[in-house]
Structure formats: structure tokens, C-alpha cells
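This report describes the strand pairing, packing and core of one protein. The sequence and structure come first.

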Amino acid sequence: MIHPITLQQGTDWQAQAEVFEEIFFVFLALGTLVGIVVVSYTLWNVYKYRDDGSEPDADFDAPVVGELPTGQGGPKAKKLFLSFGLSAIVVISLVVYAYGLLLYVEDGPDTGEEGDIEITVEGYQFGWEFLYPNGHSEMNELVVPADKRIDLTVTSRDVWHNFGSSDLRIKSDAIPGETSETWFSVSSDEVAAQGGEATFRVECFELCGSGHSAMKGQITVIPQDEWDEWYANTEGDSESASVEDADPASDTDTSRVTGAAIGGVGA
Ligand SMILES: [Cu+2]
């Protein structure tokens, strides 16, 4: 039922996709159960109180359409309170349960001393720039290690965008001058299942201009050791980035400086 993408190896983490899947199935199961009970009980009563042509008992207190069956404390009142009571219990339990899970979706799992990887995502017409803590930036491809919690700070350098991946069930506004947060994590099991490199499509979910539908990117998840090596090789960028920081007028990298500054505020 649950796609293995979401399972976090050796931890009690639940990825967002897994949480949403769980909520969906709990609501589906309960809705089906309640539906079966209500429809069966209705049909049973339709049969029981059918008009069979005979005269009703003189003392039979037949319900009237639209009447609230209070029954003056009689058996009908018990049924009313029972059905209201059960409905209230079901609804309140679902609200508390779903709200608890959604709080978890907001906060993410506790990563302990391991720490997270914080990346700034900057949308632009028409693409995505990913800025790493060391100043390295990637266009349209976010390369991250497996089994790590990845924290994204999402913003935009021009118009409103919306960063998201349907596969990972993540989605976050990208608004100029503002930041929003989301997180995800992919297990090494999933990376192994996809042949050593798991890829997920990234799309823009806010109509942002003529190139909106082509505003695609990719999240690539690789094993931790491979990622460490890859990341170490991006170090050179950080020096050039800091040089560029000193010169915000430099044309192509103004955006990078802006992104880093916004990332700093958001962090
Ligand atoms: Cu867009």
C-alpha cells in the first residue's frame, strides 16, 4: 500500500508521503465502515417498517418525517444520544489524530546530533537554483544524500512560484522577499531500489509565466559516501562565491548573493 520511497531506514521517521498515505487510508477505512453501518441500518429499518398492508397497532408511535425522535426519554432518545455520541467520538478522534500528524509534517522528525542539511531553493522565471551551505549552487538539480533530513528554505527572485515534488508529497510557496520551509528525506533502501540513484521530479505549482509548464527540476538522492565526495568537490565554488559576494553588481551571480542573503535570514 505504501510506496517504499517513504520508509526511513532504521528510524521511526515517517516521510510526508507516508503520513499523507496513512491519513488517507484511515479516513477511507473509517468512512467505509461508518457508511456500511449507516446504510445497512437504514435498509434494515426500511424493511422492518415497510407498509405490509396491515393496520398499525393502536399504541404504535410512528415517527413523522422531520421529527427529532426525542421520545420523551424513551428508547428513541437513547438511540439519538447513542448515534450523536458515536459520531462525536469518531469525528473528534479523527481531528485530534490528523492534527497530531500534521504537526509532525510541519516540524519534521528529530534528527538528533546528526543534524540536517539546509538548502535554499530559489525559483526564477523559469527554473530553480539550489544553494548549499558551502556556497555551491546547482541549477535545476538538487543532489542530496540518502537517510538525511533535508531542510529546504524556499524563496523566489522574481514572481510567485511554488516549489514541489508530487513523488515526495512536498510543496512550498516561493515568494520574492519571503521564505517558507519544508523538508524531505529519502531512505537508502529507495536509492538502492532505483539502482544507486533515486530521482524525483520537481515542478512549479504556481502559474508564473509563459515558461511555467517547462519549469521542471530534479531531486537526485545518492548514498551518503558518494554525496560526501561530490560535496567536497564543490568546495571550490564557495571561494568564488565569497568573492562574488563582495561584488553584488556582477550580473549572473547577483541572484546567488541574493539567495544566500535570504537563506541566511531564513536559517
Ligand atoms: Cu514558476
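## Pairing of β6 and β7

The model is predicted. Strand β6 (residues 161-165) is joined to β7 by 5 bridges in the antiparallel sense. Serine 165 has isoleucine 170, in β7, as its bridge partner.

## The sheet containing β6 and β7

These strands belong to an open sheet of 5 strands with mixed pairing, in the order β4-β10-β9-β6-β7. At its edges are β4 and β7 (170-174), each pairing on one side only. On average, neighbouring strands of this sheet are turned by 20 degrees against each other, direction ignored. Helix α4 (residues 224-232) packs on the sheet, where it touches β4 and β10. The direction of α4 makes about 125 degrees with that of β4.

Strand β4 (residues 141-145) runs parallel to β10 (residues 217-222), and 5 bridges join the two. Within this pair, valine 143 has threonine 220 of β10 as its bridge partner. Of the 5 residues in β4, 4 are buried, so the strand is mostly covered by the cut-off of 20 or more other C-beta atoms within 10 Å.

Strands β1 and β2 run antiparallel and are joined by 5 bridges. Valine 121 stands opposite phenylalanine 130 in β2.

## Nonpolar core

In soluble globular proteins, nonpolar side chains tend to be buried together. The largest nonpolar core in this model has 29 residues. Those with the most contacts inside it are Ile119, Val121, Phe130, Phe184 and Val221.

Beyond its neighbours within four places in sequence, phenylalanine 184 is in contact with Ala15, Gln16, Ile150, Leu168 and Ile170. Ile170 is also the bridge partner of serine 165.

## Overall composition

The protein has 6 helices and 10 strands. Of its 267 residues, 25% are buried. Among contacts between residues at least 6 apart in sequence, 67% join residues at least 24 apart.

Methods:
Residues are numbered from 1 along each chain as its sequence is written. This is a predicted model: local features need pLDDT of at least 70, side-chain atom pairs count only at pLDDT 80 or more; totals for chains, interfaces and linings use all residues. A residue is buried if 20 or more other C-beta atoms lie within 10 Å of its own, exposed if 12 or fewer, and partly exposed in between; C-beta atoms are placed from the backbone. Two strands pair if DSSP finds at least two bridges between them. Axes are lines fitted to C-alpha atoms, for helices over the stretch in contact, and angles run from 0 to 180 degrees between N-to-C directions. Two residues are in contact if their C-beta atoms, placed from the backbone, lie within 7 Å. A nonpolar core is a set of buried Ala, Val, Leu, Ile, Met, Phe, Trp, Tyr and Cys residues joined through C-beta atoms within 7 Å.
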